[in-house]
Amino acid sequence: MIYGYIRVSSDKQTIKNQEFEIGKFAQEHRIKIDLWIEETISSTKELSKRKFGKLLEKLKPGDIIITTELSRLGRNLMQIMGILNYCMNNSVKIITTKEHYELGDNINAKVLAFAFGLSAEIERNLISQRTKEALARVRAEGKRLGRPVGAHSQRTKLKGKEKEIKKYLNMNLSKNKISRLLGVHRLTLAEFIKKHNLTPLATLKEQ
């Protein structure tokens with residue numbers, strides 16, 4: 001099967017240009033498009049929710065996908081690389097009319113895939129390096145990273161449960177058991193009790 005794949009990211013864009021380019025390529029190379037796959041969807045959508053994702057699942061060895069450019073296939077270099085790798089491993093050829101790629105189970109495709117993979121790795125390393133440099137600069141400026149020591153989130157699971165905790169304490173339940181009932185760590189509970197002065201009635205009477 002030979003598939004013509006067209007994707008636009010919004011309904012304000014037209015599929016006509018891509019359809020013309022693929023049709024012209026097919027005519028020049030005496031190729032008959034067996035099935036056109038057209039979709040209006042952002043490439044950021046999960047592949048499984050796209051028509052192209054469903055197409056990948058039913059591809060067979062020897063099938064060909066013709067599209068205008070590789071960027072129509074995926075949202076980023078890593079996803080495109082994954083798609084190309086999947087197609088090469090399953091003997092499916094991808095042809096792009098603008099970039100003039102013919103990617104299949106051949107040495108040219110493997111060299112190109114290696115180049116793409118290397119580019120992706122370099123990109124990841126550059127992002128990592130920039131992040132480290134930014135953090136080092138912030139530290140050098142004397143700024144504290146993350147939450148200040150001793151600071152606590154106001155969105156604690158225990159907020160608003162003071163009466164419930166006091167009730168459990170008055171029932172002489174252990175902090176371990178109370179923490180399990182409330183779904184928090186024992187130390188979190190102990191700190192909360194101390195901060196809010198949730199003393200059991202028995203302790204108050206002894207005082």
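This is a predicted model: local features need pLDDT of at least 70, side-chain atom pairs count only at pLDDT 80 or more; totals for chains, interfaces and linings use all residues.

Biologist: Which residues of helix 6 are called buried, and why are they placed on the same side?

Modeller: In helix 6 (residues 175-182), the buried residues are I178, S179 and L182; buried means under 20% relative accessible area, exposed over 50%, and partly exposed in between (1.4 Å probe, protein chains only). They cover an arc of only 100 degrees around the axis, and therefore lie on the same side of helix 6. The arc is that of the directions from the helix axis to the C-beta atoms. These buried residues pack against helix 5 and helix 7, where contact means heavy atoms within 4.5 Å.

Biologist: What of helix 5: which residues are buried there?

Modeller: I165, Y168 and L169 are the buried residues in helix 5. Their arc is only 100 degrees around the axis, which puts them on the same side of helix 5. The cover over them includes helix 6 and helix 7. Just after helix 5, N172 has a positive phi of about 65 degrees.

Biologist: Why does L169 count as buried?

Modeller: L169 has 8% relative accessibility. Because buried means under 20%, L169 counts as buried.

Biologist: Why is helix 5 called roughly perpendicular to helix 7?

Modeller: The axes of helix 5 (residues 162-170) and helix 7 (residues 186-195) come within 11 Å and cross at roughly 100 degrees. That angle makes helix 5 roughly perpendicular to helix 7, since 65 to 115 degrees counts as roughly perpendicular, under 35 as roughly parallel, over 145 as roughly antiparallel and the rest as oblique. Axes are lines fitted to C-alpha atoms, for helices over the stretch in contact, and angles run from 0 to 180 degrees between N-to-C directions.

Biologist: Which residues meet where helix 5 touches helix 7?

Modeller: E162, I165 and L169 in helix 5 meet L189, F192 and I193 in helix 7. The residues of this contact divide into five nonpolar, no polar and one charged. Here Ala, Val, Leu, Ile, Met, Phe, Trp, Tyr, Cys and Pro count as nonpolar, Asp, Glu, Lys and Arg as charged, and the others, Gly among them, as polar. L169 and I193 are 24 residues apart in sequence and 9.8 Å apart in space, C-alpha to C-alpha.

Biologist: Which strands of the sheet stand at the edges, and why?

Modeller: The sheet is open, with five strands in the order 2-1-3-4-5 and mixed pairing. Strand 2 (35-40) and strand 5 (101-103) each have a single partner strand, so one side of each lacks a neighbour in the sheet, and they stand at the edges.

Biologist: How do you know that strand 1 and strand 2 pair?

Modeller: Two strands pair if DSSP finds at least two bridges between them. Strand 1 (residues 2-8) and strand 2 have six bridges, in the parallel sense. The bridge partner of Y3 in strand 2 is L35.

Biologist: How are S91 and H100 classed, buried, partly exposed or exposed?

Modeller: S91 has a relative accessible area of 37%, and is therefore partly exposed. H100, at 65% relative accessibility, counts as exposed. S91 has a positive phi of about 55 degrees although it is not a glycine, and H100 has a positive phi of about 60 degrees although it is not a glycine.

Biologist: What makes T68 buried?

Modeller: T68 has 1% relative accessibility, so T68 counts as buried. This residue is found in the loop between strand 3 and helix 3.

Note on methods:
Residues are numbered from 1 along each chain as its sequence is written. Side-chain values use heavy atoms; hydrogens and water are left out. Helices (H or I, at least four residues) and strands (E, at least two) are DSSP runs, numbered from the N terminus.
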